[in-house]
Amino acid sequence: MMVQKNKVAISLLMLSQACYLSAMSVDMTITALVGSELSRNKVYATIPMALIAILSVIVAPNIPKIATRIGLKNIFISGGFIAALGGLISWYAITKHSFILLCIGTSCVGAYQAIANYYRYVAADISHGKEVRNISLVLSAGVVAAIIGPILATWTSQILFPIYSGAYILVGILGVCAMIINSCLPRKEVDNTIIYPTNTQNTQKQKYVSFLSLLKRPTFRSSILICLCSCFSMALIMSGAPIFMKSMLHSSASQRMMGMQLHMIGI
């Protein structure tokens, strides 16, 4: 029975991962272009895109504390709701031509990204001895999403007026799908994973390691530097490439879509 529930949980986490990366690929494909359309000064065009990463960094460290109070399943469900809200706000921002509302909408998506990044960790801890396999299964759903997401972004951008508004409605729909899928997760198996167990009676007391202590470790410092360089490079390319392809290279929507597909597959 336990094994069956674990398999169900992994399958649901794969679907949640697919919804998450599909929504992210839609946002990454069009947000820089929408920011360029809505901002009065083109210098600020990439701020909505940057807010996705900024909110993700701010929210991620707080998830463990919240998880010990309400459980990871409730957090995952809330993540889907936040994504749906972000998509709805972004759609409304386009209809009202509001740059501020677009920033709020993409900030919600950034918070969703922070929550969805925990899918793989739950998958790793849900079945002992199968950590690598479970992580690979969950992340494999991202390959499909990386291909389909930019296609959906390009297609839905043009089916409603104003342009790009349909794509943000799609983000909202994907958020609702994530809510439904995560509500089906087995609560006990998800909430009692090793990373943030809700039942502390049967767990050993963990020794607290301060951030300053971690900074004394050469491997930790190297990891920070690598992550900083790679994330900065990715953000630079993701935010600037769609604008450059449209304004300087005069590329078509299908060409920009292919560029985003290749980037997402690389991730």
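## A walk around the largest pocket

Start by selecting α11, which gives nine residues to the lining of the largest pocket, the largest share. Helices such as this one are DSSP runs (H or I, at least four residues), numbered from the N terminus. You are looking at a predicted model, where local features need pLDDT of at least 70, side-chain atom pairs count only at pLDDT 80 or more, and totals for chains, interfaces and linings use all residues. Residues are numbered from 1 along each chain as its sequence is written, and side-chain values use heavy atoms, with hydrogens and water left out.

Next, pick Ser56, Gln113, Asn117, Cys231 and Met234, which lie nearest the pocket's centre among 38 lining residues. A pocket is an open set of points on a 1 Å grid over the protein atoms alone, where a 1.4 Å probe fits, with protein on both sides within 12 Å along at least five of seven lines; lining residues have an atom within 4 Å of a point. Elements giving two or more residues to this lining include α2 (47-59), α5 (99-116) and α11 (218-247).

Now show α2 and α5 together. Their axes (lines fitted to C-alpha atoms, over the stretch in contact) are 7 Å apart, at an angle of about 40 degrees.

Finally, zoom in on where they touch (heavy atoms within 4.5 Å). Leu55 and Ser56 are among the α2 residues here, and Gln113 and Ala114 are among those of α5.

Methods. Axes fitted to C-alpha atoms, helices over the stretch in contact; angles between N-to-C directions.
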